[in-house]
Amino acid sequence: MKKVEAIIKPFKLDDVRESLAEIGITGMTVLEVKGFGRQKGHTELYRGAEYMVDFLPKVKIELVIQDELLEQAIDVIVEIARTGKIGDGKIFVTDVERVIRIRTGEENEEAV
């Protein structure tokens, strides 16, 4: 099993979620996060004063999926989340050793 963490622009979340559901991914965790990379933030004007916004709002999607779905899930996220502009986000993939569903005690693929 793999854990996929995708950091994307917030307005792309619904489209990504719907597209992942179409390929059979039914569960995910979504967090509102802030960060910056090459985008580096920007300046804004508030009541006549300019200030720097260092951390930009993003959405982090976390999925734990079977190995067979990995490439398909990555392809979907990249295709749907891409705008072609700086700040589109990143995808991180890590191995998952064990998953346990607390309610039933099911483990690994049965728990996902």
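User: Which residue of E6 does Ile-8 stand opposite?

Analyst: This is a predicted model, in which local features need pLDDT of at least 70, side-chain atom pairs count only at pLDDT 80 or more, and totals for chains, interfaces and linings use all residues. Residues are numbered from 1 along each chain as its sequence is written, and side-chain values use heavy atoms, without hydrogens and water. Strands are DSSP runs of at least two residues, numbered from the N terminus, and two of them pair if DSSP finds at least two bridges between them. E1 and E6 (residues 89–95) are antiparallel and share seven bridges; in E6, Ile-8 stands opposite Gly-89.

User: Which residue of E5 is the bridge partner of Ile-8?

Analyst: E5 spans residues 56–65 and runs antiparallel to E1, to which seven bridges join it. The partner of Ile-8 in E5 is Val-59.

User: How many of the seven residues of strand E1 are buried?

Analyst: Buried denotes under 20% relative accessible area, exposed over 50%, and partly exposed in between (1.4 Å probe, protein chains only). Strand E1, residues 2–8, is largely enclosed by the rest of the structure, because the number of its buried residues is five.

User: What is phi of Asn-108?

Analyst: Asn-108 lies in the segment after E6 and is partly exposed, at 24% relative accessible area. Its phi is positive although the residue is not glycine, with a value near 55°.

User: Is Glu-110 buried or exposed?

Analyst: Glu-110 is also placed in the segment after E6. Its relative accessibility is 52%, so Glu-110 counts as exposed.

Note on methods
Helix = DSSP H or I, 4+ residues; strand = E, 2+ residues; numbered from the N terminus.
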